Amino acid sequence: MRLILLLILAVGLVGFFLFGPRIVEKVQNRVVSHDPWPVSPAARAMHARLIIGDWHADSLLWDRDLAQRSSVGHVDLPRLREGNVAVQVFTTVTKSPAGLNYDTNPSDARDDITLLSIAQLRPLESWFDLTERALAQATALKALADDRPDELRLVRSRADLAQVLADRDAGSTVIGAILGAEGGHALSGDIANLDRLHDAGFRLMGLTHFFDNELGASLHGEAGGDGGLTEFGRQVVERMVERRMIIDLAHASPKMAREVLAMVDVPVIVSHTGTHGHCPTHRNFPDDLMREITEKGGLIGIGFWEEVTCDATPKGVARAIAAAVALVGEDHVSIGSDFDGAIETSFDVSELPALTQALIDEGLEESAIAKVMGRNMIRFLERALPEGPAS
């Protein structure tokens, strides 16, 4: 009997490690079943002319081979190519409270990413160390780029970005990958870890995620709108400016966002969001704060899920983009899908031509569509990234 119980336990553990994470992702990163979205030949031709850049995808969190086309999740290299994506920011998620409540999450809530890291048999040092967890995901992206240099290239500098764009102009379908961190808790409270992340290729970092951390208050934390930057948070912001790392205010409390704007003289982004006037949810900043961000040269990336757009179909996302353009102008709007970020969508990255069609149907001119779909992001990166040699 004891041997039978041990065998049952062993089989259960093997099943958990082999199939558990994939089942979780299939549930978390669902694409709603749909008929093919209609795309006219003219829209498809326009889409092929665009330079497309996306500020936010959490694909590194999941234990999938991104070199292979998958029926699970939203992003992999084949689907990025089908969607004509030129530049993709891959963010490293290192902690996420159980429940993912948009209103309030305690900082000590059970961390789902710890369980996922163990289940996926990530490197042992990353199981309980948030910095190592971010670095492990960065290592995975570098390994993919090293293994598929004609398909994916890490972008750490303006020179890297220029080379990717030049190669694509010459007919290549190579994709530029930028590393970002979803929340400053990846620093584990130590400013020296910012240099470690920078040296590993990180060029963007959000200050908070779904909970308050050492840097300050989250939009979804216990401090709420009354919490701002801590002294450590101010030190991190100053060091990020020195190291030319892009500051992402997504998930920051409004007070934290305003304090950042008051202390820096560089543009910032809100990588994956909607506008409150169009979709009045707690997840979206007030419109006046969005204007303040963009008046200082910042960009806002419109997400592709219902909690930020109030309609996750291509038509609904296009309306959210049009509302953002009406609010802050076409030079300050971009896309930040949040693909693979535990969200349900109506299309994956391969279906981006449907969004181009929806933007045409919404009445946007090709020049504005080109800006929103990538030109604004490229212009921002050309100013924000360090000059540097090509890698």
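Helices (H or I, at least four residues) and strands (E, at least two) are DSSP runs, numbered from the N terminus. The model described here is predicted. By this numbering, N84 lies in the loop between helix 3 (77-82) and strand 2 (85-93). Its backbone has a positive phi of about 65°, although N84 is not a glycine. Most residues other than glycine have a negative phi. N84 counts as buried, because its relative accessibility is 16% and the cut-off for buried is under 20%. A342 also has a positive phi, near 60°, and is a residue other than glycine. A342 is found in the loop between strand 9 and helix 13. Its relative accessible area is 26%, so A342 is partly exposed.

One disulfide is counted in the model. A disulfide is a covalent bond between the sulfur atoms of two cysteines. Here the bond joins C279 to C310, with an S to S distance of 2.0 Å. The angle about the S-S bond is 85°, and the link of C279 and C310 is right-handed. C279 lies in the loop between strand 7 (269-273) and helix 10 (287-295), whereas C310 lies in the loop between helix 11 and helix 12 (314-328). The pair therefore ties together parts that are 31 residues apart in sequence. The two ends can be described by their accessibility. C279 is buried, with a relative accessible area of 0%. C310 has 40% relative accessibility and so counts as partly exposed.

Aromatic rings were examined next. The structure holds five aromatic pairs. F347 is buried, as is F339. Together, F304, F339 and F347 form one aromatic cluster. Another ring, that of F211, has a charge over it. The charged end of K95 sits over this ring, 4.5 Å from its centre.

W305 is found in the loop between strand 8 and helix 11. Its relative accessible area is 2%, so W305 is buried. A polar contact of 2.9 Å joins the side chains of W305 and Y102. Beyond its neighbours within four places in sequence, W305 is in contact with several other residues, among them H272, R283, A312 and G336. Further contacts of W305 include S337, D338, I343 and E344. W305 and G274 are 31 residues apart along the chain, and their C-alpha atoms are separated by 9.4 Å.

At 0% relative accessibility, H220 counts as buried. Its side chain makes a polar contact of 2.8 Å with the side chain of H251. Leaving aside its neighbours within four places in sequence, H220 is in contact with N101, Y102, D103, T104 and N105, among others. The contacts of H220 also include H209, F210, H282 and R283.

The largest nonpolar core has 80 residues. Within this core, L207, L249, V260 and I321 touch the most other members. Helix 12 gives the most to the core, with nine residues. Beyond its neighbours within four places in sequence, I321 is in contact with I302, V333, I335, L355, L359 and V372. A second, separate core has 21 residues. V164, L165, I246 and M377 are included in this second core.

Technical notes: Residues numbered from 1 in each chain as written. Predicted model: local features only at pLDDT ≥ 70, side-chain atom pairs only at ≥ 80, totals over all residues. Heavy atoms only, no water. Phe/Tyr/Trp six-rings, centres within 6.5 Å; stacked < 30°, edge-to-face > 60°. Buried < 20%, exposed > 50% of the residue type's maximum accessible area, 1.4 Å probe, protein only. Lys NZ or Arg CZ within 6 Å of the ring centre and 35° of its normal. Disulfide = S-S within 2.5 Å. Contact = heavy atoms within 4.5 Å. Polar contact = N/O pair within 3.5 Å; in protein donor to acceptor, adjacent residues only side chain to side chain. Core = buried A, V, L, I, M, F, W, Y, C linked by side-chain atoms within 4.5 Å.
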